[in-house]
Amino acid sequence: MLKQSIWEKAGSIPAKFWNEGRADFPVYDMHGHMGSHYGIYMARGEAPEMVAHLKRIGVRHLCFSHHEALFGTEGNALAVEMCRRFPDTLRMYVGINPNFPEKIKRDLAMFDKWQPYAVGLKFLADYHKVPVTDPRYEYALKFASERKLPVLNHTWGTSPYAGGKVMLDLVTKWSEPKFFLGHCIFGEWDYAERCVKESAGNVWLELTAVPGERGRIEDLVRRVGSKRILYGTDLPWFDEYQAVGGVVSADITEDDMRNILYRNAESILGKDW
Amino acid sequence: MEKIRFFDVCCGVGNSAVKPRPGVAELLADMDRFGVERALVYHNCLNTLGAESANRELPRMLREEDPEHRLTGALCILPSQCPELPPPDRFFAAMKENLCSAITLDPFSHRYVPCRLTLGAYLDVAEKRRIPVLLNAFAGKWNDLYAFLREFPRLQCIFHGGDKWGNDRYIRPLLEAYPGARVELAGYWVPEGIADLARAYGPERILWGSGFPQYNQGSSMLQLKQSGLDEAAIALIAGKNFENMLEAAQC
């Protein structure tokens, strides 16, 4: 005889997602992409299919950077175009490629014209092969500092470009940008904790690729508290229900789930953006 | 809606040689927490413990720690030319008493070439008896898996499809070519990808597996529940497909 599962507790957040496919609050996905990808077949890589997927589960905003801006050298303008087609749902990070400084200046000069869609910057140091502490990021970091903008970093444990040590160097040097550490420096959990605790209160851990890893969200909540954790999926890489499933099936409180899924994003960017 | 019955076909139990890992008790506790009825398990330490020892240890764990028989195991095979395991007739005849209903193999750790020459004696019998063959040792080794299935195209087998990065370019040709092959989706996080695979190849070809203990069961359960498929297809993937495989198997 099976015991009552987490999905069967009436009125709970897990039960709402299980039975109705969405909760009674909005979700903010703070780490997305868009467009086809060289190494993965993505049937839902374009804006219409992505937005349909997001609406099913009740994502209010997805903040994304376009694959063409990250794996190529253009694509930020294309991201704006997609935001304009789906203004209720899509927001963008301006992709920063440190190997092309003139394009950084060109695109950041457009930042104000790209309002209200552009909410921050995206660094993908592992792929661009430039450590985040390299001077080639300074123009973008100064820009983010002046405006106290979010900077979503792809991070990964032991990476010489965006691993624990260089991320700690970055976030303790720059106190004004709001650093979102994508993937929570996956595998270097001690450094993830240190980045939050040793910085000036301007660091959040972003969960992409973590939900579903057994016990990991519980561990991160213990280490830094749920107010320092943001929800993200890499959509169109990963399924929203898989990722939300990882959050709501973690052994954490419903308050923690709410912090991760929407309250923290609203406390950083407000309720109307 | 009738309650979905989940049968997890991708779970490891027992310590590995390098660190403590969750065992049967932890798996059963998670199954209770998430509402999973049954699970197919292999030994977490199969790679370094070896087939002979793992084939003793796994049934012992099941006998001692799973009194309700919610778990069924996978026994490991080796090349028949080295007489380390009982010959195929005795090996398969003992599966039931060993609380196992599937077989598995780990040629990359156990150091042999997975082909007809080495494994034909066991796998020809497995094919004839329709015994499920768990191929998760091939995870990420797509060239090896492709070569293996060319040698054994009619096996009733389960290969691992998840890797976080979407694997459709690897998975789909195998589902197209080998009717006896099913894909197990632990770590397959492609947005609505389960529904896409089911529509392309039939829900009968897809099995739900969590990847315990690396992954928890809850995340992929919600992914399947809200996959966009109808109730019947979800029920097949969640557990009915593997139950059907077990019913057809002659252990």
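Guide: What follows is a series of questions and answers on this predicted model.

Guide: Residues are numbered from 1 along each chain as its sequence is written, chains are lettered from A and ligands numbered from 1 in the order in which they are written. The model is predicted, so local features need pLDDT of at least 70 and side-chain atom pairs count only at pLDDT 80 or more, while totals for chains, interfaces and linings use all residues.

Visitor: Why is Pro135(A) called exposed?

Guide: A residue is buried if 20 or more other C-beta atoms lie within 10 Å of its own, exposed if 12 or fewer, and partly exposed in between, with C-beta atoms placed from the backbone. Pro135(A) has 9 such neighbours inside 10 Å, and therefore counts as exposed. Its place is the loop between helix 6 (125-128) and helix 7 (138-147) of chain A; helices (H or I, at least four residues) and strands (E, at least two) are DSSP runs, numbered from the N terminus.

Visitor: What makes strand 3 of chain A largely enclosed?

Guide: Seven of its seven residues are buried, so the rest of the structure largely encloses strand 3 of chain A. Leu90(A), Met92(A), Val94(A) and Ile96(A) point one way from the strand, and Arg91(A), Tyr93(A) and Gly95(A) the other way. In a regular strand the side chains alternate between the two faces of the sheet.

Visitor: How do you know that strand 3 of chain A pairs with strand 2 and with strand 4 of chain A?

Guide: Two strands pair if DSSP finds at least two bridges between them. Strands 2 and 3 of chain A have three bridges, in the parallel sense, and strand 3 and strand 4 (residues 118-123) of chain A have five, also parallel; both pairs therefore meet the definition. Leu62(A) stands opposite Leu90(A), and Met92(A) has Ala118(A) as its bridge partner.

Visitor: Why are strand 1 and strand 8 of chain A called edge strands?

Guide: The open sheet of chain A has eight strands in the order 1-2-3-4-5-6-7-8, with parallel pairing. Strand 1 (27-34) and strand 8 (229-230) each pair on one side only. Helix 4 (residues 76-85) of chain A packs on the sheet, touching strand 1, strand 2 (59-66) and strand 3 (90-96) of chain A. Two residues are in contact if their C-beta atoms, placed from the backbone, lie within 7 Å.

Visitor: How do you know that the buried residues of helix 7 of chain B lie on the same side?

Guide: The buried residues of helix 7 (residues 142-151) of chain B are Leu145(B), Phe148(B) and Leu149(B). They cover an arc of only 95° around the axis, which puts them on the same side of the helix; the arc is that of the directions from the helix axis to the C-beta atoms. The face turned away from this buried side carries the exposed residues Asn143(B) and Arg150(B). Among the elements covering the buried residues is helix 8 (168-177) of chain B.

Visitor: What makes up the contact between chain A and chain B?

Guide: The contact takes 31 residues from chain A and 28 residues from chain B. The largest share of the chain A side, six residues, comes from helix 11 of chain A.

Notes. Axes are lines fitted to C-alpha atoms, for helices over the stretch in contact, and angles run from 0 to 180 degrees between N-to-C directions.
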